[in-house]
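Reader: Could you walk me through this model, beginning with the overall picture and then going into some local detail?

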Amino acid sequence: MNFTCMSCKSRYPLESNKWKCECGGLLGLEYEKDVPDLSKTSLLRDHSIWKYIDALPFVKDDIWQEITLGEGDTPLIKIAENVYAKAEYYMPTLSFKDRGAVLLIAMAKKLGMDRVVADSSGNAGTAIAAYGARAGIQCDIFVPASTSSKKIKQIEAHGAVIHKIPGTREDTAKAAIAMVEKTNAFYASHIYNPVFWEGTKTYVYEVFEQMDGKMPDAFIIPVGNGTLLMGAYLAFKELMASGQIAEMPKILAVQAEACAPIVQAFVQGRNTVEPMENDGTVAEGIAIAAPARGTEILQAIRASDGDVIGVTEDRIIEARKELALKGMYVEITSAVNYAGYVQYVEKYPELKEQQVVLPLCGAGIKSD
Ligand SMILES: [Zn+2]
């Protein structure tokens, strides 16, 4: 199993503890996998993401068994004609980030690491802290000082050392990277470490099973650093390669207009993302002004024949209220997805005839 540089194609074994290439390029992951027949996995008694073990970078009798919290198989709820919400707030730490965090921590443990560093706007840090506690690994979690106090309490409760960094989300990432470079700790990054997407791809596997072996026409996916989007795109490619789907569903990527560098680059037809000023958004979980994987995110949206949606602050707040009045209490960032759907069908009413899945990424009690 190797990391491969996406720029110069250099290879590094995972034991090298690299988080980027010596040329500065970002890393992908290369290993033998056997994508399971999802009509068979749907019948298994195991409901966790580990039922897809043949398509994950681990083997059956492996360290993950001591670390899993049973993450996976979140409900798919019909919220309107042709619209389904996948309730990721059912996860052990109440957000979808558990899908990737459990893999990252299991990998760190397998590689013999006793200390990891992560930076996050909150949910990924919580997930890393929880699985880190379970694995007996010391976690240093860097968050922006403005992070919801509830997320900070959740992280601290798991025994992680929390570092609150003033300034932007990018300043937080810089502080974490400085510590990684100083201590050579494992960088449990959901942005740089591609092992994370091997976990988030199971989101799509599950949807495909839950829809009885059919892919919805479109996936609405919130984008900050693109960790769910990159996982979903990976799953689409795997399911096409294994002959289980004939064409790729569309990715409709949603951002808050106040911090929408991907939307801007896509609309302007660019292949790279220019960093922008974060004008301040209630959607703290996706407020990424300079996404490191911007180029890959744009490629994925275009390869799926997808589109982008920028939503206003009013719409996000309204969508959260509406979801709660339908029985689903989500954190403010998660409401972006429903807001995006509502806004997009106003512009393109034909989408109402198509099956759309959107994620409810995190639980309502995580927001202040
Ligand atoms: Zn390179």
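**Overall picture**

Author: Buried residues, meaning those under 20% relative accessible area, with exposed over 50% and partly exposed in between (1.4 Å probe, protein chains only), make up 61% of the 368 residues in the chain. This is a predicted model, in which local features need pLDDT of at least 70 and side-chain atom pairs count only at pLDDT 80 or more, while totals for chains, interfaces and linings use all residues. Residues are numbered from 1 along each chain as its sequence is written, and side-chain values use heavy atoms, with hydrogens and water left out.

Reader: How many helices and strands does the chain have?

Author: The chain has twelve helices and 13 strands, where helices (H or I, at least four residues) and strands (E, at least two) are DSSP runs, numbered from the N terminus. Its radius of gyration is 19 Å, close to the 21 Å from the globule rule for 368 residues, so the chain is as compact as a globular protein of that length. That radius is taken over C-alpha atoms, and the globule rule is 2.2 Å times the number of residues to the power 0.38.

Reader: And what does the C-alpha trace span along its principal axes?

Author: The trace spans about 55 × 45 × 40 Å. Among contacts (heavy atoms within 4.5 Å) with a separation of 6 or more, 69% are accounted for by residues 24 or more positions apart.

Reader: Moving inside, which residues touch the most other members of the largest nonpolar core?

Author: Those are Ile128 and Leu229, in a core of 87 residues; a nonpolar core is a set of buried Ala, Val, Leu, Ile, Met, Phe, Trp, Tyr and Cys residues joined through side-chain atoms within 4.5 Å. Helix α8 (residues 227–241) supplies the largest share of this core, nine residues. Apart from this core lies another, of 32 residues, which includes Val83, Leu252, Val356 and Ala363.

Reader: What does Leu229 touch, leaving out residues up to four places away in sequence?

Author: With those left out, Leu229 touches Ile221, Val223, Ile251, Ala253, Ile297, Ala300 and Ile301.

Reader: Switching to Val35, where is it found, and is it buried or exposed?

Author: Val35 is found in the loop between β3 (27–30) and α1 (38–41), and it is buried, with a relative accessible area of 18%. Not counting residues up to four places away in sequence, Val35 touches Ala55, Tyr205, Glu238, Leu239, Ser242 and Gln244.

Reader: Tyr205 is in α7, I think; why is that helix described as largely enclosed?

Author: Tyr205 is one of the buried residues in α7, and eight of the nine residues of this helix (residues 202–210) are buried, so α7 is largely enclosed by the rest of the structure. Among the buried ones are also Thr202, Val204, Phe208 and Glu209.

Reader: What follows α7?

Author: The helix is followed by Asp212, whose phi is positive, near 55°, although Asp212 is not a glycine. Most residues other than glycine have a negative phi. Asp212 lies in the loop between α7 and β10 (218–222) and is exposed, with a relative accessible area of 69%.

Reader: And Asn82, what is its phi near?

Author: Phi of Asn82 is near 70°, a positive value in a residue other than glycine. Asn82 is found in the loop between β4 (76–80) and β5 (83–87) and, at 15% relative accessibility, counts as buried, whereas Asp212 is exposed.
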